Amino acid sequence: MKDKILRNLEKLKEENLYREMPEMAEGAGKYIKLNDKEYLNLSSNNYLGLSELESVREEAKKAVDDFGTTSGASRIVTGNFSIYDQLESRMANYKNKQKSLVFNSGYAANLAVYSTLASRDTLVFSDKLNNASIIDGIKLSGAKQIRYKHNDTADLEALLEKHSNCTEKIIATDSIFSMDGDTCFLYKITALAEKYGALTIIDEAHATGVLGRGRGFAHEIGLADKVDVHMGTFSKALGSFGGYVAADEYIIDWMRNKARSFIFSTSLPPAVIGATIGSLKHLAKYPEIGGRLLDAAEDLRFYLQGLGFDTGGSSTQIIPIILGDNKRALMAKEFLMAKGLYVAAIRPPTVPVNSARLRLSLRLDILGEMDKIKSAFKALKEAGI
Ligand SMILES: *Cc1c(COP(=O)(O)O)cnc(C)c1O
């Protein structure tokens with residue numbers, strides 16, 4: 001066993017795929033602090049920088065003062081304080097759904113969604129680039145997973161047609177794809193779901209807080225009512241932690257009764273719930289901030305494309321710069337670091353082979369630094385990387 005693991009670790013190193021955790025003095029703010037140096041943070045998912053706001057921090061502190069540092073048990077036992085209910089009714093309202101349920105992470109939420117809604121009798125049609133937590137949730141459910149080509153609704157339709165005699169079908173998609181920054185073709189997906197009698201589940205992890213005046217991509221394009229199950233996370237643009245599901249009452253009731261990642265795990269600590277409520281209050285006051293970020297991302301994307309970089313199908317605050325070779329991506333990351341920018345290099349297996357890339361995630365609190373960002377990329381191009 002040990003020899004095998006050591007051999008495989010060696011192999012990862014040879015292929016430039018060995019993963020390490022960069023030691024960060026600070027990583028969620030406007031600047032990343034690393035080895036006593038500061039870099040503009042272009043790689044966190046804290047898109048709106050809400051975790052930095054005094055009002056959000058105050059809500060978290062207040063929750064600690066009121067309820068302490070742990071919930072002490074699962075929600076089903078004694079871990080259900082009033083702020084959890086407050087957060088859930090806020091989310092149900094926000095998403096315009098009958099009910100919502102909070103989970104310990106987006107990952108735990110996806111395990112819950114698929115393991116409770118799908119079973120061995122279900123076919124789940126899942127976009128090839130869907131988040132790993134969706135894939136794991138489907139595995140856990142025992143359902144058959146049918147992966148369709150990324151954003152290829154013709155492929156999806158052909159597969160639905162092929163399996164039209166199966167009575168239980170689910171279509172699963174991310175709204176914003178995390179490594180490409182493109183969005184799903186939700187209009188076509190919901191139309192196909194209607195035609196073939198499938199339940200639709202959307203993962204709004206990267207869109208929540210940003211698109212649709214914060215409510216997500218389905219709301220942005222006016223299709224929220226056509227989607228049966230909305231899930232997402234508080235750990236990205238909301239600057240906090242935890243996952244949510246918003247859906248019809250019967251679905252939420254079923255999950256509360258059956259989801260093992262909900263029942264057999266201690267609920268989130270009060271500070272986290274407080275921070276999330278703080279962020280939602282901020283968004284209720286300033287719902288336009290996500291749109292401002294998207295505008296700036298559009299401007300930056302045009303600039304990068306003008307330099308000749310391949311930004312894929314990005315149309316959001318996530319902008320990939322696809323370089324292909326693993327080593328080239330690492331070199332580009334180093335080059336930008338020397339210019340004071342921290343942009344993550346993403347390699348297989350997180351992205352397909354030969355599509356290693358920089359993944360730039362723009363955030364609201366660095367829009368004032370746009371000139372610095374642009375000139376660093378200009379220099380990268382001129383350096384021939
Ligand atoms: C990040 C992410 C998740 C998991 O959310 P966490 O709260 O970080 O566990 C699920 N789905 C997608 C699409 C994500 O990007």
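Me: What volume does the largest pocket have?

Reply: Heads-up: this is a predicted model, where local features need pLDDT of at least 70, side-chain atom pairs count only at pLDDT 80 or more, and totals for chains, interfaces and linings use all residues. Residues are numbered from 1 along each chain as its sequence is written, and side-chain values use heavy atoms, leaving out hydrogens and water. On a 1 Å grid over the protein atoms alone, a pocket is an open set of points with protein on both sides within 12 Å along at least five of seven lines, whereas a cavity is a set where a 1.4 Å probe fits but cannot get out. Points are joined across faces, edges and corners, and the volume is the space filled by probe spheres set on them; for the largest pocket that's about 800 Å³.

Me: Which residues are closest to the centre of the largest pocket?

Reply: Lining residues have an atom within 4 Å of a point. The largest pocket has 26 of them, and the closest to its centre are Glu20, Pro22, Lys333, Ala345 and Arg347.

Me: How many charged residues are in the lining of the largest pocket?

Reply: Asp, Glu, Lys and Arg count as charged; Ala, Val, Leu, Ile, Met, Phe, Trp, Tyr, Cys and Pro as nonpolar; the others, Gly among them, as polar. The lining has 13 nonpolar and 6 polar residues, and the charged ones number 7.

Me: How far is a polar side-chain atom of aspartate 203 from a nitrogen atom of the ligand?

Reply: A pair of N or O atoms within 3.5 Å counts as a polar contact here. For aspartate 203 and the ligand nitrogen, it's 2.6 Å.

Me: Why is one side of β1 and one side of β11 left without a neighbour in the sheet?

Reply: Strands are DSSP runs of E, at least two residues, numbered from the N terminus, and two of them pair if DSSP finds at least two bridges between them. The open sheet has 3 strands in the order β1-β2-β11. β1 (31-34) and β11 (341-342) stand at the edges, so each has just a single partner strand.

Key. Polar contact = N/O pair within 3.5 Å; in protein donor to acceptor, adjacent residues only side chain to side chain. Helix = DSSP H or I, 4+ residues; strand = E, 2+ residues; numbered from the N terminus.
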